[in-house]
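Subject: Structure handover

Hello,

Here is the structure I promised to pass on. Please open it and keep it beside this email while you read.

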Amino acid sequence: MSLSVYPNDKFSLINTGIVNIQKKNFDEAEEYLNILLKSYPSYSQGYLVRGAMYQEKGDTLQAFDNYNQAIKIDKYLPQSYSMRGLLYYYKKDYDKAMDDLDEAIRLEPLHTGNYINRGLIRYSKNDFRGAMADYDKVIDLDANNIIARFNRGLLRSQVGDDNRAIEDFDVVLKFEPSNYIAYFNRALIKNNIGDYN
């Protein structure tokens, strides 16, 4: 309705693009996002959404171009670095991924998702101590963060810290009692320590 009355409304255009991305209507999404960015060429959020659309389509070159453009427009927007950093991570370019996540965390130090993602990158680089520090930081900020608890539980079990790994999985299962993967991992750890019951 609003686009028929206000065809260049910024928020209607971006939201229509997002809805079409969610519906996998990428051609329509691209059409709306192109109109958006033609009308508002300095709207960094529009480039991020269009970049995410290209990434979803598997066009990583276009995704990088859009994320880079968003950063060029606003170098203080942490979301740009976290999105580009994850794309570098998926491409296994871990050093560039780390640089971007470091910058995202510098700009937004209380956003837990960036620590979780940096922990994944550090784990991929075999920096277990660094990954553990990131998961610890998330849990300091949000003691009931299920993703951080699950990842830290796995990492603790991998380095032989079985009892504290069980504690992490206990928290996961308190909030997600039907998380069978957590039950399975906790059972493996309990088997390791001889708690056969």
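**What I found**

Helices α7 and α8 are roughly antiparallel to each other, because their angle falls in that class (under 35 degrees is roughly parallel, over 145 roughly antiparallel, 65 to 115 roughly perpendicular, and the rest oblique). More on that pair below.

**Ground rules**

This is a predicted model, in which local features need pLDDT of at least 70, side-chain atom pairs count only at pLDDT 80 or more, and totals for chains, interfaces and linings use all residues. Residues are numbered from 1 along each chain as its sequence is written, and side-chain values use heavy atoms, with hydrogens and water left out.

**The whole protein**

The protein has 12 helices and 0 strands. Both are DSSP runs, numbered from the N terminus: helices are H or I with at least four residues, strands are E with at least two. The C-alpha trace spans about 65 × 35 × 30 Å along its principal axes. Of the 197 residues, 44% are buried. Buried means under 20% relative accessible area, exposed means over 50%, and partly exposed is in between (1.4 Å probe, protein chains only). Now take the contacts with a separation of 6 or more: 42% of them join residues 24 or more positions apart. Contact here means heavy atoms within 4.5 Å.

**Helices α7 and α8**

Helix α7 covers residues 94-107 and helix α8 covers residues 112-124. They pack at an angle of about 155°, with their axes 10 Å apart. Axes are lines fitted to C-alpha atoms, for helices over the stretch in contact, and angles run from 0 to 180 degrees between N-to-C directions. The crossing of α7 and α8 is left-handed. That term means the near helix is turned anticlockwise from the far one by less than a right angle; clockwise would be right-handed. From α7, the residues in contact include Tyr-94, Met-98 and Leu-101. From α8, they include Tyr-115, Arg-118 and Ile-121. The contact residues of this pair divide into 8 nonpolar, 3 polar and 3 charged. Ala, Val, Leu, Ile, Met, Phe, Trp, Tyr, Cys and Pro count as nonpolar, Asp, Glu, Lys and Arg as charged, and the others, Gly among them, as polar.

**Helices α3 and α4**

Next, α3 (residues 26-39) and α4 (residues 44-57). Their axes come within 10 Å and cross at roughly 155°. The two are therefore roughly antiparallel to each other. α3 passes α4 in a left-handed crossing. Phe-26, Glu-30 and Leu-33 are among the α3 residues in the contact, and Tyr-47, Met-53 and Tyr-54 among those of α4.

Look at Glu-30 in α3. A polar contact of 2.5 Å joins its side chain to that of Tyr-54. A polar contact is a pair of N or O atoms within 3.5 Å; within protein, one must be able to donate a hydrogen and the other to accept it, and residues adjacent in sequence count only if both atoms are side-chain atoms. Beyond its neighbours within four places in sequence, Glu-30 is in contact with Met-53, Tyr-54 and Lys-57.

**Asp-134**

Is Asp-134 buried or exposed? Asp-134 counts as buried because its relative accessibility is 2%. This residue is in helix α9 (residues 128-141). The side chain of Asp-134 makes a polar contact with the side chain of Arg-118, at 2.7 Å.

Ala-148 is in helix α10 (residues 146-158). At 0% relative accessibility, Ala-148 counts as buried. Leaving out residues up to four places away in sequence, Ala-148 touches Ile-116, Tyr-135, Val-138 and Ile-139.

Phe-150 is also in α10. Phe-150 is buried, at 18% relative accessible area. Its C-alpha lies 9.5 Å from that of Leu-173, 23 residues apart in sequence.

**Two loop lysines**

Most residues other than glycine have a negative phi. Lys-24 has a positive phi, near 65°. Lys-24 sits in the loop between α2 (10-22) and α3. At 48% relative accessibility, Lys-24 counts as partly exposed. Lys-92 also has a positive phi near 65°. Its place is the loop between α6 (78-90) and α7. Lys-92 is exposed, at 61%.

Best wishes
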